[in-house]
Each structure stands twice: as structure tokens, then as C-alpha cells.
Amino acid sequence: MTYLEAVNRYLDLVRQARVTTLVGATDTVVIAAKWLVNEAMSDLLYVHDWPWRRKTDVGQTIAPYSTGTVTATLGSATVTGSGTTWTSAMAGRKFRVDGDLDFYTISAFVSTTEITLADVYVNATASAKAYEIYQDTYALGSDVDRIVGLQTEDPDRDVIFAGDQELFELFPNPQAESAPDSAIVYQQNTSGNWQVQFYPIPSDIIQYQYQYYARLTELSGNTDDMTTVNLIPLKLHQLVVWRAYLLGLSSGMEDDPILSKSVETRYAQKLAQEISMSKPDKGRWRVLRQVEGVARRRWIRFGPHYPDIG
């Protein structure tokens, strides 16, 4: 069902004339209907952990870079390299001079032999020193609402999920490098995406896969479809219209007592039926063991410290 179709079905329920387009609508009833449909869709998505909201995506870690040597000057944010081939992709990664405990975020790529740090270098001037540029934090997909689990391909390590407070208390300044054995999901980046941070710092390119519940995307265009945009099965589209009608009643829209009771009953019955038919999805531990030489994958269960948004 498209956005226009959903709004028109709502207008049928409140005995208002149908419209041919939602673009540039000025009628107050139509404007209210557009808002109510999106609110109803949100209610439906978040009332239950629907299996059809669950998606899978993959990511890949980046191997640390340490070719050449660097000069970093006390009080300066400029770092120069010798024998380096830095790239613009390194902006946003972390930088550390060999032997230093402090790490810095690279704010800008200037050239293959010059980068700028987000903060000035606070240690004694380092000349022709070994260094490392690395990344331990990776953005998840833009449609991630809530993580269910994460897996890697490494058959030799059990990766566990740790609460952010626990991990930061144990490792406030991570320095060890190897295949990750811990992970946290925390704060959104500047693009609004959730991020996963691995510990130890990934020492190589490692493929990881994660499962999650997709966040709501509001409908806006006439032909925006509930299934295409938000994965809502066709059989549940009418539930969205009924929910919009019930929300309209609570907002003081026209009330037909007989119709409202009928819609409320049908909505409650259909919703309960669909919830009972869907498989519970608790995100518990799952282990896929090694089969015919395929490296076993271990799921990370995300714990109570993970922020539940929606």
C-alpha cells in the first residue's frame, strides 16, 4: 500500500473526500492524515520485535598503517612523515607515536607526507619515530535502529559483548592489537549512525557481519510503499490505517462510536494474532559450529548497556 492509498483509506473512514496527490496538500484534514499514517506505522513497527524488521549487513576492519617514520612537535597539530604514503581515507582514524600512551584523531589529510591532528601533540617532540595509524571504531548502517548480534569469521577467538562502561573501565586507553575479542555499540557519529568499537584494536582486515532491527523511515511521496520503505508485509498495511484512525480519535478528530468500536476491535484482534504468529526474537547466544571446513561464526549478544532507541 502506498502513502497516497493509506491516506485515502483513512479519509474514507472519517468520511472525507479522497485526494489525488499528497504533494503540497493544504487541507488540514489531509495534513493530519499524512501525520497520522506515519505515526501509526511507527506504532506498529515498535510494538513488537517483528522478524521482518530484522536485517543483516556486513563490514570490514582496516589494517593498521605504519610505513615510514614521523615527526610530531610538542604543541603542534601538524605531523610530517618520511617514507609515508598517507591517503585522504585516513582522516578520522587514530594516530599514535611509538612508545606514547596518548592517541590522537586525525582531523585532516594534507598530503601523502602530512596530516593534521584534532588536538595538538602533548608529548616531547618526536623526530623520525615509528608510529601507527589505526581504526578501532566503525559506523554501522544508516538504517540501524537496534543491534541484535555481531559475528566474525575468526574460528580461534570467542568475541564477547561488553557494556560500554565495563570496557572503558577495563581498557580506557586500548593499545593491544590482535583479532578482536570484545565489542561495544555506542554513541552515534556525526551522521547519526551507531558505531561499533572493537577491542583489541583490529590487527588486520577482518570481515564482520551484524544483525539488527531497521529504523523507521517516514513516508513522504505519493508512491512511497510501506513494504518497500519499511518492510511492512502487505497483510499488515490495513493495520496501519486502522491505527491511524484510532490515533485520530484520540486527537479529537470526528468520532463515529459504532465505527470506532469496530475498528478498535478489529485492530486489537488482528495485532494480537500477528504477534502470536511471529516467532519470538530475543537475540540470545547462537553459535554456528564448523561445518565441512567453513570457519565457525560466533554471535555477540548485545547486553543491557546498549542504548535501545526507537
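Guide: Some terms come first. Axes are lines fitted to C-alpha atoms, for helices over the stretch in contact, and angles run from 0 to 180 degrees between N-to-C directions. Helices (H or I, at least four residues) and strands (E, at least two) are DSSP runs, numbered from the N terminus. The model is predicted: local features need pLDDT of at least 70, side-chain atom pairs count only at pLDDT 80 or more, and totals for chains, interfaces and linings use all residues. Residues are numbered from 1 along each chain as its sequence is written, and side-chain values use heavy atoms, with hydrogens and water left out.

Look at helix 5, residues 237-250. Helix 5 has 14 residues. From first C-alpha to last, helix 5 reaches 21 Å, close to the 20 Å expected at 1.5 Å a residue (the expected span is 1.5 Å times one less than the number of residues).

Helix 5 is mostly covered, with ten of its 14 residues buried. Buried means under 20% relative accessible area; exposed is over 50%, and partly exposed lies in between (1.4 Å probe, protein chains only). Among the buried residues are His237, Trp242 and Gly248. What do the buried residues of helix 5 pack against? They pack against helix 1, helix 2 (28-46), helix 4 (226-230) and helix 6 (257-277). Contact means heavy atoms within 4.5 Å.

Take helix 6. Helix 5 and helix 6 pack at an angle of about 135°, and their axes are 10 Å apart. The two helices are therefore oblique to each other. Angles under 35 degrees count as roughly parallel, over 145 as roughly antiparallel, 65 to 115 as roughly perpendicular and the rest as oblique. Helix 5 passes helix 6 in a left-handed crossing. A crossing is left-handed if the near helix is turned anticlockwise from the far one by less than a right angle, and right-handed if clockwise. From helix 5, the contact includes Leu239, Trp242 and Arg243. From helix 6, it includes Leu259, Glu264 and Lys270.

Now helix 1, residues 3-13. Helix 1 and helix 5 pack at about 50°, with axes 9 Å apart. That makes helix 1 oblique to helix 5. Their crossing is right-handed.
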